[in-house]
Amino acid sequence: MSLFLGAALVVLAAASPPPARVPVAVPYGEVLEALRASTGYDPLATTNGGRIQAEVLLRLVRRAHERAPDGPPLLVGHEEWFRALLEVTGVPAERAPLYAVLAHRHRQDMVAEYGDGRVVREVTAGPAPVLALNVTISWPETADAPREYSYEDNLSTPHLKVTDHRLITYRLLDFGDQIAFQEIEGLTGRPTTGALGFLFQIIGEGRVVEYRMAVAPTGVAVSRGRAKKGFFEVATTLTVYPDGRSEKGVPPDPVLRAIEQKLAQPLAIRYQPLAPIESRGR
């Protein structure tokens, strides 16, 4: 074997995804307990959906990491999630938020992969996360299964149309004082009102690529997201109140302004390739 060929094989091996690992289903009781621990805001509001999803996944992984530091991955089933959300909020299924109903109807399961060296390869700018996950959200691929579904969030300003594709993947990072969703694939959306709504009517839906969020002591969350459409990129900062109302930008509050500045700081991470996930496909 030539030196060049040997080096090439080493590079290919380093870039190839690790072998698939079969995830372990999280019992309903643990999902319920993790959901109950998310307090101080309305979990039924669509604008709080990403926050509660991240908090619960991180909570479940922290607990699993204590038992088994290297995994296996965790599977949070659509049935367990939906039942736990109804139990925690006390609402019947017919009054559940549309985003949760659609996820349940499409049988969207979540898989969280963790373990040292399985997510982050190298931090090149910004702080290192204290916990990092590879997250896969999907529903079974069958002949009659839809490729995507959409819904609209009318609590946000401007209103947003969100489209979930059958397979969504992202890296979920916990820094202690903020969380970040990076390398998002399979999630698109666009504003439907205001000047940005008019613009996105022309260029079409943008691909959400990054979302960072931090919460003030008052429970108000500040988030910063980036979406791309071809060569066009939009970065938006939102203030999300505990009841789910959101507004573009940040009010003149020194605490919230400080959070906004923190979320705008450079963050660059090289990741390990995503491993294929074996789902039970219920």
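Trainee: Which hand does the crossing of α2 and α4 have?
Mentor: Keep in mind that this is a predicted model. In it, α2 passes α4 in a right-handed crossing.

Trainee: Which residues make the contact between α2 and α4?
Mentor: From α2 you have Y28, V31, L32, L35 and R36. From α4 come E80, W81, R83, A84, L85, E87 and V88. Sorted by class, that's eight nonpolar, four charged and no polar residues.

Trainee: What do the buried residues of α2 pack against?
Mentor: They pack against α3, β2 (74-76) and α4. The buried ones in α2 are E30, V31, L32, A34 and L35.

Trainee: Okay, S138 next. How do you know that S138 is buried?
Mentor: Check the number: S138 has a relative accessible area of 15%. Buried means under 20%, so S138 gets that label. S138 is found in strand β5 (residues 131-138), and its contacts beyond four places in sequence are R107, Q108, D109, R166 and L167.

Trainee: Why does V209 count as buried?
Mentor: Try the cut-off again. V209 is at 10% relative accessibility, and the limit is under 20%, so V209 counts as buried. V209 sits in strand β9 (residues 206-215). Leaving out neighbours within four places, V209 touches F181, Q182, E183, I184, R226, A227 and K228.

Trainee: How many residues are in the largest nonpolar core, and which touch the most other members?
Mentor: There are 48, and L57, V76, W81, L133, Y170 and L172 touch the most other members. Helix α3 (residues 49-67) gives the largest share of this core, eight residues. As background, nonpolar side chains tend to be buried together in soluble globular proteins.

Trainee: What does L57 touch?
Mentor: Not counting residues up to four places away in sequence, L57 touches V76, M110, A112, L133, V135, Y170 and L172. Apart from this core lies another, of nine residues, including A214, V250, I259 and L263.

Terms used: Residues are numbered from 1 along each chain as its sequence is written. This is a predicted model: local features need pLDDT of at least 70, side-chain atom pairs count only at pLDDT 80 or more; totals for chains, interfaces and linings use all residues. Side-chain values use heavy atoms; hydrogens and water are left out. A nonpolar core is a set of buried Ala, Val, Leu, Ile, Met, Phe, Trp, Tyr and Cys residues joined through side-chain atoms within 4.5 Å. Buried means under 20% relative accessible area, exposed over 50%, partly exposed in between (1.4 Å probe, protein chains only). Helices (H or I, at least four residues) and strands (E, at least two) are DSSP runs, numbered from the N terminus. Contact means heavy atoms within 4.5 Å. A crossing is left-handed if the near helix is turned anticlockwise from the far one by less than a right angle, and right-handed if clockwise. Ala, Val, Leu, Ile, Met, Phe, Trp, Tyr, Cys and Pro count as nonpolar, Asp, Glu, Lys and Arg as charged, and the others, Gly among them, as polar.
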